[in-house]
Amino acid sequence: MRQEIYDIIVVGAGHAGCEAAVAAARCGAKVLIVTIDMTKIAQMSCNPAMGGIAKGQILREIDALGGHSAIVTDESMIQFRMLNKSKGPAMWSPRAQCDRSLFTLKWRFILENTDNLDIWQDNVNELIIKKKIVCGVRTKMGVTFYSKAVILTTGTFEEGLIYIGRFKTNGGRIAEPNSSGISWQLNKEGIESGRMKTGTPARIDGRTINFKILEEQHGDEDIRRFSFMETEITKKQRSCYITYTNEKVHEILKQGFSESPLYNGTIKGKGPRYCPSIETKIITFGEKEQHQLFLEPEGWKTNEYYLNGFSSSLPLDVQYKALRNIKGLENARIYRPGYAIEYEYYPPVQLNLSLESKIIESLYFAGQVNGTTGYEEAGAQGIVAGINAAMKMKGKDPVILKRDEAYIGVLIDDLINKGVDEPYRMFTSRAEYRILLRQDNADMRLTPIAIGIGLAEPERERIYNDRNRKRKEIKKFIENYSITPEKANSYLIRKNSSPIRQRIKLIDILLRPEVSIEELRESVEDLNIYKKDQKFYDKELWESVEVEIKYKGYIERERMLADKVKRLNNIKLETDIKYDDLKSISTEGRQKLNKIKPETIGQALRIPGVSPSDINILLLYMGR
C-alpha cells in the first residue's frame with residue numbers, strides 16, 4: 001500500500017474528532033481521520049440531545065467559529081426548547097432532541113465531502129514518536145501513516161472496560177471494541193494518565209411504554225436554529241415524557257448494590273458529579289422518595305427511547321425489575337441494558353492552551369481524553385485543536401480564546417490551569433463574564449476570528465455581515481422611534497408599568513425591566529414595520545439588541561473587569577523560569593507553577609494554589 005504523508009492525522013471520529021478534522025482541512029491542511037467504525041461517526045453514545053445549560057452557548061460558539069455541530073443539530077432536530085427563559089438572558093440556553101441515526105449520517109456526509117480530508121477505518125494502537133516529536137500512527141492492521149501532527153480524540157475507547165453488574169468486557173461502547181497501546185506508550189514518554197468512568201441507561205422499546213399515564217413534555221412553539229447559517233429546521237416535533245422513580249424502585253436497586261462495580265471496588269475511575277448513576281442518586285440523596293426521569297425519543301422513525309436520569313451499571317435482572325416498577329414502564333421491554341464504562345484519560349494540565357502537549361511536540365489532545373464529559377465540550381476542544389494544529393503547519397500563532405471571549409475559552413482555561421479530578425462539565429456559573437458570553441451574540445464574538453484564519457466560508461461571512469448590519473439598523477430604529485401615550489399605555493397598564501403622559505422614545509420604554517419588545521410589537525401596530533421590511537424581520541436580532549440595551553450597565557462593567565484581567569494576560573512569562581529558586585513564593589505556588597508552566601501572569605493568577613502575593617513576587621522578578 002502506498003504511504004501518503006499527511007499534515008494532520010486525527011485519531012477517532014467522535015464529536016471532537018469530526019470538528020478537529022474538518023476545521024484543520026478547511027484551514028488548508030491535508031488531513032486523515034482514522035475511526036474504528038465508519039457507521040458510528042459522531043455517534044451520540046449517550047443521550048440523543050445537543051445543547052442545554054451552557055452547552056447550548058458552546059454549540060453556538062462552535063458554529064460561530066465555522067464548525068458543524070450546530071448545523072448537524074439543526075438538520076437532525078426532532079424537538080427544540082430554550083431553557084432558563086424565566087431567568088436573565090445570560091442564562092438562556094437552547095437544547096434540542098436529535099435523531100441519533102440522522103445525526104451520524106449528516107456528519108458522515110460532511111466528512112466525505114470536505115476537501116483535503118481522507119477517512120480510514122481502522123484501530124490506531126501506536127503513535128510514531130521520534131525525539132519527543134510525533135510524526136505518525138500505526139494501526140491494528142499494520143498500516144503506517146506519517147504526518148506532521150496528530151490529534152488524539154479517542155473518547156472512552158482507550159483501554160475502555162464495560163461493566164454490567166459482575167459482567168465485564170473490553171469495549172469503547174457496548175458491542176464495540178476498545179483501543180489499546182497508546183496510553184502505555186505515552187506513559188513511557190512521560191505523559192501521565194488516569195481512569196475515569198461514565199455510564200448510560202437502558203434503551204426502552206416505545207411500543208411497551210404506557211404514554212397515556214405519563215406527563216407529556218412538548219417542545220417550544222418558537223423553534224430556533226442553533227446555527228447562524230440559514231439551515232432547515234423542523235416544523236413538527238416529537239414529545240418527551242416525564243415519569244419518576246419511587247420507594248419500591250429504590251429498594252429493588254439497593255438489592256443489587258453488592259454486585260455494583262461502582263460500590264464493590266471494581267471501578268476505580270471517578271464518574272461525572274452532575275450526571276450521576278441512579279444508584280449514586282439513591283445513596284447521595286437518601287432522603288428523596290423519588291427522582292425525575294425523562295423518556296426521550298431516539299429519532300423520527302424508531303421506537304427506541306432513552307431513559308434520562310436512570311444511568312446504571314447494576315446487574316441486568318435488577319435493572320429490568322426496577323424499570324418495571326416505574327410508572328408507565330410496567331410492561332416495558334428493553335433493547336439493551338444500562339452499563340458503566342471506565343476509560344483512560346490524560347490530565348490536561350500537561351497541555352498548552354493550544355491543546356498541544358507540553359511533553360511531545362505536535363501531539364494534540366481533545367475531548368474526553370482531557371477529562372471532560374459531553375458532546376459539546378468535546379466538539380469545542382476538537383475545533384480548537386484542529387485550528388491550532390493547522391496554524392502550526394502554517395507557522396502561525398495558535399488561536400487562544402480568552403475567558404471573556406467564549407465559554408470555549410473558559411473550558412480550556414479551566415482544564416489547563418485547574419486540571420480535573422472528575423469528568424468536567426460546563427456550567428454558566430463557571431464563567432465570570434456570563435453577560436458577555438450570551439448565546440445570541442456568539443457570532444459577533446467569534447466569527448471575525450473564523451474569517452481571519454480562513455475557516456469561515458463566503459456564505460458564513462455574508463450572513464455575519466448581514467446580521468451585523470441589521471443589528472445596527474434595529475438599534476437605530478429603537479433609539480429614534482417615538483411612541484405616544486395612546487399607543488403605549490394600554491400595554492403598559494397591563495404590565496403594571498407606569499403609563500406615559502407624552503410622546504417618549506422607544507428606547508426609554510424598553511429600559512423598563514417589565515417591558516418586552518416582542519410584546520410591544522404585538523400591541524403597537526406601528527412597530528410591526530418589521531413585517532413589511534425584511535431588515536427588521538429577524539426576531540432573534542430584536543431580542544439580542546434588547547438585551548444589549550437593557551443590560552448595558554452590566555455589560556460595560558463586565559467588559560471593564562475583563563480588560564483589567566487582560567492587561568495581566570499581556571505580561572508574558574518565560575517558560576524556563578526556575579520557580580524552585582524563587583523561595584519567596586509559597587511551596588504550593590512553586591509546585592503548581594512548575595507543573596503548569598503558565599504562559600502569562602494572568603494564567604498564573606488563575607491557577608489554584610497560586611496566591612496574589614505569589615503573583616506580586618513574579619511581577620517583582622520580572623521587574624514590574
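In the predicted model, glutamine 43 is buried, at a relative accessible area of 16% (buried: under 20% relative accessible area with a 1.4 Å probe, protein chains only). Residues are numbered from 1 along each chain as its sequence is written, and side-chain values use heavy atoms, without hydrogens or water. As the model is predicted, local features need pLDDT of at least 70 and side-chain atom pairs count only at pLDDT 80 or more, while totals for chains, interfaces and linings use all residues.

Glutamine 43 belongs to the loop between strand 2 (31-35) and strand 3 (49-51); strands are DSSP runs of E of at least two residues, and helices runs of H or I of at least four, numbered from the N terminus. Leaving aside residues up to four places away in sequence, glutamine 43 touches His15, Arg100, Thr104, Arg173 and Tyr375 (heavy atoms within 4.5 Å).

His15 is also among the buried residues of helix 1, which spans residues 15-26. Of the twelve residues of helix 1, eleven are buried, so the helix is largely enclosed by the rest of the structure. Its first and last C-alpha atoms lie 17 Å apart, close to the 16 Å expected at 1.5 Å a residue (1.5 Å times one less than the number of residues). Just after helix 1, glycine 28 has a positive phi of about 105°.

Helix 2 (residues 55-64) packs against helix 11 (residues 442-453) at about 35°, with axes 8 Å apart; axes are lines fitted to C-alpha atoms over the stretch in contact, and angles run from 0 to 180 degrees between N-to-C directions. Helix 2 contributes Arg60, Glu61 and Ala64 to the contact, and helix 11 contributes residues including Asp443, Arg445 and Leu446.

Technical notes: Buried means under 20% relative accessible area, exposed over 50%, partly exposed in between (1.4 Å probe, protein chains only).
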